[in-house]
Amino acid sequence: MSFIVGLRNFTLWLLFRAARPFIFLMEPENAHYAFKRVGVFLGSNPITRGFSSLMWDYNHKSLNIEVDGIEYRNPVGLSAGFDKDGELTKIYPSMGFGLAELGSFTGEVCPGNPGRRLFRMVKSRAIVVWYGLNNQGSEKIASRLAKVDFGRLRVGINAAKSNVTPEFELQESIRDYLKTMTLFKDVGDYFTINISCPNTQDGEPFVDEHNLDALLSAVTQHIRPITDKPIYVKLAADISIAEIDIIVDGCVKHNMDGFVLTNLAKPSHNTEHLPEEYPTVKGLLPAGKGAMSGLPLQRISTDVIRHVYRRTRGTKTLIGVGGVFTAKDAYEKITSGASLLHMITTMIFDGPQNLSEINRGLVQLMKKDGFTSLEQAVGSRNPLPIIAEAESPVLTNVKKEAA
Ligand SMILES: Cc1cc2nc3c(=O)[nH]c(=O)nc-3n(C[C@H](O)[C@H](O)[C@H](O)COP(=O)(O)O)c2cc1C
């Protein structure tokens with residue numbers, strides 16, 4: 001069976017590679033909308049969904065994983081930002097996704113940033129994003145999604161702060177997150193609080209320890225009592241280890257359930273791309289704008305996963321994201337400590353069949369290591385150091401939490 005799926009995926013890959021030069025002639029944002037329209041159509045009725053499953057799906061019981069009480073049929077997820085208005089949930093299971101993170105959704109309707117907002121860096125295998133959180137706003141989207149049955153797809157709701165003003169106002173911003181999370185309290189399976197969008201007018205104010213503390217206190221007070229959903233926090237790729245530790249410790253203090261690691265990489269902090277390909281160099285984007293997905297992020301996000309897994313001593317859920325193109329990349333993030341994965345860029349560069357190819361490869365890699373379930377693989381190549389409790393504020397917090 002696995003051999004037949006492999007043959008199918010290889011054939012689809014050949015077709016995709018033949019079509020890719022023509023697809024890449026399209027303006028990236030137009031291509032994004034065109035593929036979304038195709039996805040909406042394919043998800044619209046049982047016949048096209050069945051056909052899509054034959055083309056793309058793959059199931060294997062060793063890929064099933066339970067995370068924070070939620071059962072996922074496989075760990076391969078769509079990352080936030082592809083489906084900004086939550087319109088494609090019907091097609092994702094047929095494409096082989098176990099989960100999809102929708103959004104980012106914001107309290108207010110957001111038009112996003114003006115001008116060209118999406119660019120391909122083909123040699124660097126990256127997408128430059130300057131969208132700025134464009135979405136229809138949480139009221140409209142939540143009322144539509146409340147009527148949708150997600151079936152076997154597990155759904156994450158990514159909440160961000162409305163990108164509508166250059167001035168940061170703490171209480172107003174906290175209200176914005178709370179509005180989205182309240183509206184989505186009964187929609188989807190988990191929340192991600194996105195504090196790391198690199199493309200907003202007022203920067204990333206919740207990377208600041210005190211602002212984050214105020215936000216998470218408000219979430220604890222207003223959101224925890226109204227929903228049992230796990231709450232994760234999405235971190236930036238471009239912050240120092242010291243900053244990561246402050247955020248992680250703050251999240252542990254407030255009993256957050258885990259982390260999504262990581263968001264896009266800014267070119268100024270990144271040596272893993274070809275600078276001449278970046279759109280600001282060609283005058284297509286103003287200096288200092290945008291950030292990269294894909295390969296430039298791959299090693300960095302895995303390093304952050306390794307660090308946070310150790311810092312939290314494996315007690316928190318980690319969702320690994322950034323430059324997953326192959327089963328080997330996916331397995332590296334899992335064995336570093338991630339229980340689930342998100343991805344976007346590989347669909348754009350390698351085609352949608354790559355999702356089932358990654359799942360298929362994961363089964364083989366687990367088998368090679370003698371694992372019968374994904375749980376056994378999580379963190380298996382990132383052994384936790386033995387450290388004294390006094391040296392680990394996180395460990396002390398985790399113990400308090402468990403008591
Ligand atoms: C077109 C695009 C839009 C994105 N928009 C968002 C977003 O709205 N919210 C968010 O948390 N991350 C967003 N991201 C970041 C992704 O969720 C992910 O962290 C990043 O792309 C790395 O994964 P990848 O290398 O598999 O693409 C976006 C990424 C892309 C490519």
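Modeller: Arg311 is partly exposed, at 23% relative accessible area, while Asp249 counts as buried at 17% (buried is under 20%, exposed over 50%, partly exposed in between, with a 1.4 Å probe and protein chains only). The two form a salt bridge, their closest N and O atoms 2.6 Å apart. Arg311 sits in helix α9 (residues 295–311) and Asp249 in helix α8 (residues 241–253), so this pair ties together parts 62 residues apart in sequence. Heads-up: this is a predicted model, where local features need pLDDT of at least 70, side-chain atom pairs count only at pLDDT 80 or more, and totals for chains, interfaces and linings use all residues. Numbering runs from 1 along each chain as its sequence is written, and side-chain values use heavy atoms, leaving out hydrogens and water.

A salt bridge here is a side-chain nitrogen of Lys or Arg within 4 Å of a carboxyl oxygen of Asp or Glu; helices are DSSP runs (H or I, at least four residues), and strands are E runs of at least two, numbered from the N terminus. By this rule there are 20 salt bridges.

Another one pairs Glu139 with Lys179 at 2.8 Å, N to O. Glu139 belongs to helix α5 (residues 138–145) and Lys179 to helix α6 (residues 170–183), so parts 40 residues apart in sequence get tied together. Both are partly exposed, Glu139 at 49% and Lys179 at 26%.

Then there's Asp350 with Arg125, also a salt bridge, at 2.8 Å, N to O. That pair links distant parts of the chain, 225 residues apart: Asp350 is in helix α11 (residues 345–350), Arg125 in the loop between β5 (118–121) and β6 (126–129). Asp350 is buried at 8%, whereas Arg125 is partly exposed at 22%.
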